[in-house]
Amino acid sequence: MTKSRTLLAALAGLMLAWTGTASAQQPLKIATSAGPVAQLAAFAAGLAKEKGIDVKVVELSDWVALNEVVANGDVDANFFQHATYLALQNKQRGLNLVQVDKVGVIAPVGLFSRKIKKLDEVKSGDSVAIPNEPLNGARGLILLERAGLIKLAPGKGFSVSKFDIVDNPKNLKIVELDPAQTYRSLDDVTLGLVNITYLIPAGGDPKSALIIDRTIDEGLVLRFTAKPEKKDDPRLRAFIDVFRSPQVKQFIEDKLPAFIPAGFDS
């Protein structure tokens, strides 16, 4: 009986070791939003491959799905969101995802127009498109206030909504749209709040913004996100070490100049 138990324990140990080895040999799967963020992740994956780290980048356009595929284990982590958005998604969808490391980028938002060249050309009754997603909608309203077009109730931060507009001297019409649609709406509205992650894939030029928000805020850094039990996965840690490299930071500065590197070592 003792020998049988010893043999079973040994077999179990071998199976566990084999499973761990097999897992380590699987490619690391990173889900990311399409466009410049995916371009950045793909560049880092190329560097990782040179070091023998196999990383598969999975592009998705649905921000909700990007967290769901992490939560259900289809991918190991995602790279598209900041802490403020993550906290909102965890609360609303009952998730328990965490940021893995401090390194990442900030994707600015800006007010764009195809109808005017300067903010002082905004007329009474003009329409402004902002995302119908609470956080980026709030960023849009805050930017409108910074532009001197509206005044918001103080102390709301990123929880502000159009109902918190306390002064609207030009009687602007606030139109809430899907975040991916605000750039396309510029033919119909005077101003639109567009996130750079949507602007660039649609062919827009960040330099054409009438005003852009380049606020450095810890809550706005796009970082790698995973389930708690995955955050110390050796493959993920190794990839993040590559991502933190000077080459990736240089890529951001050269190829994605609208983005702001954050959390890099130097």
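These legends go with a set of close-up views of one predicted model.

Residues are numbered from 1 along each chain as its sequence is written. Since we're working from a prediction, local features need pLDDT of at least 70 and side-chain atom pairs count only at pLDDT 80 or more, while totals for chains, interfaces and linings use all residues; side-chain values use heavy atoms, with hydrogens and water left out.

**Figure 1. The whole protein, before zooming in.** We're looking at eight helices and 13 strands, where helices (H or I, at least four residues) and strands (E, at least two) are DSSP runs numbered from the N terminus. Along the principal axes, the C-alpha atoms fill a box of roughly 90 × 35 × 30 Å. Of the 266 residues, 46% are buried (under 20% relative accessible area, with exposed being over 50% and partly exposed in between; 1.4 Å probe, protein chains only). Take the contacts (heavy atoms within 4.5 Å) between residues at least 6 apart in sequence: 75% of them join residues at least 24 apart.

Figure 2. Read across, the strand order is 2-1-3-12-4-13, with mixed pairing; two strands count as paired if DSSP finds at least two bridges between them. Strand 2 (55-60) and strand 13 (260-262) sit at the edges with a single partner strand each, so one side of each has no neighbour in the sheet. On average, neighbouring strands here are turned by 25° against each other, direction ignored. For angles, axes are lines fitted to C-alpha atoms (for helices, over the stretch in contact), and values run from 0 to 180 degrees between N-to-C directions.

**Figure 3. Strand 3 and its two partners.** Strand 1 (residues 28-33) runs parallel to strand 3, and three bridges join them. On that side, Ile30 stands opposite Ala77 and Ala31 stands opposite Asn78. Strand 12 pairs with strand 3 in the antiparallel sense, also over three bridges, and here Asn78 turns up again, opposite Thr225. How many residues of strand 3 are buried? Five of the five, so the strand is largely enclosed by the rest of the structure.

Figure 4. Helix 4 (residues 83-93) lies across strand 3, strand 4 (98-106) and strand 12 (221-226), and runs at about 115° to strand 3. Helix 7 (residues 234-243) lies across strand 1, strand 2, strand 3, strand 4 and strand 12, running at about 20° to strand 4.

**Figure 5. The largest pocket.** There's about 480 Å³ of space in here. On a 1 Å grid over the protein atoms alone, a pocket is an open set of points with protein on both sides within 12 Å along at least five of seven lines, whereas a cavity is a set where a 1.4 Å probe fits but cannot get out; lining residues have an atom within 4 Å of a point. Grid points are joined across faces, edges and corners, and a volume is the space filled by probe spheres set on the points. Of the 24 lining residues, Ser61, Trp63, Asp178, Ala180 and Tyr198 are the closest to the pocket's centre. Helix 4 gives the largest share of the lining, five residues, and helix 3 (63-71) and helix 6 (196-199) each supply at least two. The lining splits into 13 nonpolar, six polar and five charged residues (Ala, Val, Leu, Ile, Met, Phe, Trp, Tyr, Cys and Pro count as nonpolar, Asp, Glu, Lys and Arg as charged, and the others, Gly among them, as polar).

**Figure 6. The largest cavity.** A search of the whole structure turns up two cavities of 30 Å³ or more, and the largest has a volume of about 90 Å³. Its lining includes Trp63, Phe80, Gln81, Asn136, Arg139 and Asn195. Strand 3 (77-81) and helix 5 (134-146) each supply at least two of the lining residues. By class, the count is six nonpolar, five polar and one charged.

**Figure 7. The second largest cavity.** This one has a volume of about 30 Å³. Trp63, Asn136 and Asn195 are among its lining residues, along with Pro131, Pro179 and Tyr198. Strand 10 (residues 191-195) gives the most to the lining, three residues. Six of the lining residues are nonpolar and three polar, with no charged ones.

**Figure 8. Asp164 in its loop.** Asp164 lies between strand 7 (151-152) and strand 8 (165-167). Is Asp164 buried or exposed? Asp164 is buried, with a relative accessible area of 12%. Leaving aside neighbours within four places in sequence, Asp164 is in contact with Lys151, Leu152, Ala153, Lys156 and Ser159.
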